[in-house]
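Hi everyone, thanks for coming.

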Amino acid sequence: MIFCLCCACLMPANVSHFNRAFQVQANYVLSEFCRISPAAQVVPRPFELDCLWLQCARIPPAAVSASIQQVLSFEDGIPEWQPRLRALHALLHIIGKGGTYGEAACEAASEMRPLLNYYFTEFPQCRDIALKVLASLNDEMSAHL
């Protein structure tokens, strides 16, 4: 671990401050987007997804994908399903954007396939969107064959 003089944090020696700053920014953007909202607005509206995309497009794709993975793997310490539902919608939206962001999101989703299956089987509220994410992975894999 090294001590960063810029922000007074400890970080692994192989992680640059530049990369850490992007990861912190991505974590903030995703946590704000996934924050539990009133029940009527759990499913993000199209303009919310578009606003999220505009914010994410200024952050490296790997940092955005890592932040989504953190939310989906319950690393945020919040036990509720609502943030996961919003993160799944964000993941699908970013996959749909294609390009380097879509590829990074697809790669992250592939790594999380068992977790996506868990959402599909264990969380009825997340079933439809988890299935769409899984289907988009299958479509992406078929396109590369």
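A quick word on the ground rules. This is a predicted model, where local features need pLDDT of at least 70 and side-chain atom pairs count only at pLDDT 80 or more, while totals for chains, interfaces and linings use all residues. Residues are numbered from 1 along each chain as its sequence is written, and side-chain values use heavy atoms, with hydrogens and water left out.

So, the overview. The chain has 7 helices and 2 strands; helices here are DSSP runs of H or I with at least four residues, strands are runs of E with at least two, and the numbering goes from the N terminus. If you read along the sequence, you get β-β-α-α-α-α-α-α-α. Out of 145 residues, 39% count as buried. Buried means under 20% relative accessible area, exposed means over 50%, and partly exposed is in between, using a 1.4 Å probe and protein chains only. Now take contacts, meaning heavy atoms within 4.5 Å. Among those between residues at least 6 apart in sequence, 63% join residues at least 24 apart.

On to the helix pairs. Find helix α3, residues 61-72, and follow it to α4: their axes come within 9 Å and cross at roughly 150 degrees. The axes are lines fitted to C-alpha atoms, for helices over the stretch in contact, and the angles run from 0 to 180 degrees between N-to-C directions. α3 and α4 are therefore roughly antiparallel to each other. As for the words, under 35 degrees is roughly parallel, over 145 roughly antiparallel, 65 to 115 roughly perpendicular, and the rest oblique. This α3 and α4 crossing is left-handed: that's when the near helix is turned anticlockwise from the far one by less than a right angle, and clockwise would be right-handed.

Which residues do the touching? On the α3 side we have Val 64, Ile 68, Val 71 and Leu 72, and they meet α4 residues including Pro 83, Arg 84, Ala 87 and Leu 88. By class, the contact of α3 with α4 has 10 nonpolar, no polar and 1 charged residues. Nonpolar covers Ala, Val, Leu, Ile, Met, Phe, Trp, Tyr, Cys and Pro; charged covers Asp, Glu, Lys and Arg; the others, Gly among them, are polar.

Next pair. Helix α4 is residues 82-97 and helix α5 is residues 99-111; their axes come within 6 Å and cross at roughly 135 degrees. That makes α4 oblique to α5. The crossing of α4 and α5 is left-handed. From α4, Leu 91, Ile 94, Ile 95 and Lys 97 take part, and their partners in α5 include Gly 99, Tyr 101 and Gly 102. The class count for α4 with α5 is 7 nonpolar, 2 polar and 1 charged residues.

Last pair: α5 and helix α6, residues 113-122, pack at an angle of about 70 degrees with their axes 4 Å apart. That makes α5 roughly perpendicular to α6. Here Ala 109, Ser 110 and Glu 111 of α5 meet Arg 113, Pro 114 and Leu 116 of α6. Those residues divide into 3 nonpolar, 1 polar and 2 charged.

Now zoom in on Arg 84. Is it buried or exposed? Arg 84 is buried, with a relative accessible area of 0%, and it sits in helix α4. Its side chain reaches the backbone oxygen of Val 71 at 2.8 Å. That's a polar contact: a pair of N or O atoms within 3.5 Å, where within protein one must be able to donate a hydrogen and the other to accept it, and residues adjacent in sequence count only if both atoms are side-chain atoms. Setting aside neighbours within four places in sequence, Arg 84 also touches others, among them Phe 74, Asp 76 and Tyr 119.

Phe 74 is in the loop between α3 and α4. Most residues other than glycine have a negative phi. Phe 74 has a positive phi of about 65 degrees, although it is not a glycine. At 27% relative accessible area, Phe 74 is partly exposed.

One more stop: Glu 48, in helix α2, residues 46-56. Glu 48 is buried at 16% relative accessible area, and a polar atom of its side chain lies 2.7 Å from the backbone nitrogen of Arg 45.
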